[in-house]
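Dear colleague,

Please find the structure below, together with its sequence. My notes on it follow, beginning with a single residue and ending with the protein as a whole.

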Amino acid sequence: MSLPDTLNVALRPGDPLEAGFEANFGWVTAEDGATFTWVCHEIVLDPTSSLTPFFFAGRNVTLASTRSLGVSLDPTFSLFRSPDGCNWDAPATLENVNVREVAFDPVLPDHVLAATFTGSGAKNGIWESDDSGATWHKTTLDLDARFFRSVE
């Protein structure tokens, strides 16, 4: 049996009330700062997986990253998107791209940046979305033999 474990605390950019908690049993969030809702990670990972996805909360969407290709229910994706915490999809433009970290713009809620960490043979850099993570495109920051671990 695995005991509950909190991995990270996240505040939704631009919203001083809403807090979210990454845990080994999923994502727990409180839009009003007091009433918590659980979002299970079995949507993107096998229920028996010991991995916990990393969650990134935007104003209108939540993104979940497995931080590794090959481990999700769809092994060609590492980033998943949900507008409601129940229905998750993988943005087609990020197939075979390992997303390590995501940051939402606190002023422009639909603007999102993602740092990639795909592998030694791949170019890595920063990807950008202007529609809350539904579609993505590479920025000009795209380098060989570099691994991007975070973006702020």
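**A buried serine**

S78 counts as buried because its relative accessibility is 0%; here buried means under 20% relative accessible area, exposed over 50%, and partly exposed in between, with a 1.4 Å probe and protein chains only. Please note that this is a predicted model, in which local features need pLDDT of at least 70, side-chain atom pairs count only at pLDDT 80 or more, and totals for chains, interfaces and linings use all residues. Residues are numbered from 1 along each chain as its sequence is written, and side-chain values use heavy atoms, with hydrogens and water left out.

S78 is located in the loop that lies between β6 (62-65) and β7 (79-82). Strands are DSSP runs of E with at least two residues, helices are runs of H or I with at least four, and both are numbered from the N terminus. A polar atom of the S78 side chain lies 2.8 Å from the backbone nitrogen of V99 and a polar atom of that side chain lies 3.1 Å from the backbone oxygen of V97. With neighbours within four places in sequence left aside, the contacts of S78 (heavy atoms within 4.5 Å) include A64, S65, R67, L69 and N98.

**The nonpolar cores**

A nonpolar core is a set of buried Ala, Val, Leu, Ile, Met, Phe, Trp, Tyr and Cys residues joined through side-chain atoms within 4.5 Å. The largest one has 13 residues, and L63, L79, L94, V99, V102, F104 and W136 are those with the most contacts inside it. At least two residues of this core come from each of β8 (99-104) and β9 (112-116); β8 gives the most, with three residues. Apart from this core lies another, of nine residues, including V44, L45, F55 and F80.

W136 deserves a separate entry. Leaving aside neighbours within four places in sequence, W136 is in contact with residues including L63, L79, P91, L94, V112 and W127.

**Strand β3 and the whole protein**

T29 belongs to strand β3 (residues 26-30) and is buried, at a relative accessible area of 9%.

The protein has 11 strands and zero helices. Of its 152 residues, 41% count as buried. Among contacts with a separation of 6 or more, 32% join residues 24 or more positions apart.

With kind regards

Definitions and conventions:
Polar contact = N/O pair within 3.5 Å; in protein donor to acceptor, adjacent residues only side chain to side chain.
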